[in-house]
Amino acid sequence: MAWTHRHLLGIAELSREDILDVLDGAERWFDMKRVDARVLHGRTIVNVFFESSTRTRTSFEVAGKRLGADVVNIALQTSSVTKGETLLDTVRNLEALRADALVLRHAASGAPHFVASSTRTSIVNAGDGAHEHPTQALLDAFTIRRRKGGLEGLVVTICGDVLHSRVARSNALLLGALGAEVRLCAPRTLMPRQPEALGPTVRAFEKIEPALEGADVVMMLRIQTERLAGATIASTREYARTFGLNTRVLAYAKPDAIVMHPGPINRGVEIDPRVADGRQSVILDQVEAGVAVRMAVLERVIMAADAERARA
Ligand code: CP
């Protein structure tokens, strides 16, 4: 195992070798997914989710349990944060309970990085504001690799609310590191000012048809209404007509292109239900991949923390 990171905070901190190490490790867990693989027996993982989640929280819980760990879930509404306790105090108290890893989702960009600098417990970023969602990008790459055999030379179009998307950021970095061309497509109001700065192979598009031309992979993003500061689109119907993925515009991509979405999907807005449920969709494969990828991540960060303590 080449991995040496005690935390997983973002794709930005990973090398190409780190990424491939996780993907290869996840392959092993994916193929053994019904086997009892209790390499984290006796360990405690706490899911600290201060933003809503279905897929990420559940798959981290399933991943931890498949590895034999005790998994505890904390949500914002039922935590003492509602009584004024700070995030850092919350983390220090969980550390005192001898948690081996904290899986943190937070609305503030940089929150996992902030707490990681003040705790001995491994921190795994499960999504921080509009910044990064590293395990989503890893499971996306895992899904693409299984379907396409590799990522080198593929054209991946990411379309939707790029400005507020941590998924787009992590994917632009990861896919670029593995040699894919990344096309970002969004209305001007939902595109960052310098999209090319998001990744080494990024190109920006303002129309969906040229962005999809010859694409191997089409990844749609929902509009992150929870992060919108003001009006950014004229109407949902207009957005669906100009930036939504339907069978007409999907025909611009390669005939064997796969359709992805991190979820939750807004049917009829960024994606037509006929495409979401169609033969090219791998949306539920992404969800399935999430468990194996998160098993590989949890195993790696906890083993790296053990190795670091042994050296100290
Ligand atoms: N993809 C994703 O992060 O989904 P959840 O918000 O349901 O975890």
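**Cavity.** By cavity I mean a set of points, on a 1 Å grid over the protein atoms alone, where a 1.4 Å probe fits but cannot get out; lining residues have an atom within 4 Å of a point. The volume of the largest cavity is about 70 Å³, taken as the space filled by probe spheres set on the points, with grid points joined across faces, edges and corners.

**Ground rules.** I noted that this is a predicted model, where local features need pLDDT of at least 70 and side-chain atom pairs count only at pLDDT 80 or more, while totals for chains, interfaces and linings use all residues. Residues are numbered from 1 along each chain as its sequence is written, and side-chain values use heavy atoms, with hydrogens and water left out.

**Lining.** I checked which helices supply at least two lining residues each, and they are α2 (55–66), α5 (134–148) and α11 (283–311). The largest share, 4 residues, is from α11. Helices here are DSSP runs (H or I, at least four residues), numbered from the N terminus. Among the lining residues I listed Arg55, Gln136, His261 and Arg294. The lining divides into 3 nonpolar, 6 polar and 2 charged residues; Asp, Glu, Lys and Arg count as charged, Ala, Val, Leu, Ile, Met, Phe, Trp, Tyr, Cys and Pro as nonpolar, and the others, Gly among them, as polar.

**Salt bridges.** I then turned to charged pairs and found 25 salt bridges, each a side-chain nitrogen of Lys or Arg within 4 Å of a carboxyl oxygen of Asp or Glu.

Arginine 147 pairs with aspartate 285 at 3.2 Å, N to O. Because arginine 147 lies in helix α5 and aspartate 285 in helix α11, this pair ties together parts that are 138 residues apart in sequence.

Arginine 146 and aspartate 31 also form a salt bridge, at 3.8 Å, N to O. It links helix α5 with helix α1 (residues 16–31), across 115 residues. I saw aspartate 31 again in a salt-bridge network with Asp24, Glu27, Arg145 and Arg146.

Arginine 183, which bridges to glutamate 181 at 3.0 Å, N to O, is buried at 9%. My cut-offs were under 20% relative accessible area for buried, over 50% for exposed and partly exposed in between (1.4 Å probe, protein chains only).

Note on methods:
1 Å grid on protein atoms, 1.4 Å probe; cavity = no way out; pocket = protein on both sides within 12 Å on 5 of 7 lines; lining within 4 Å.
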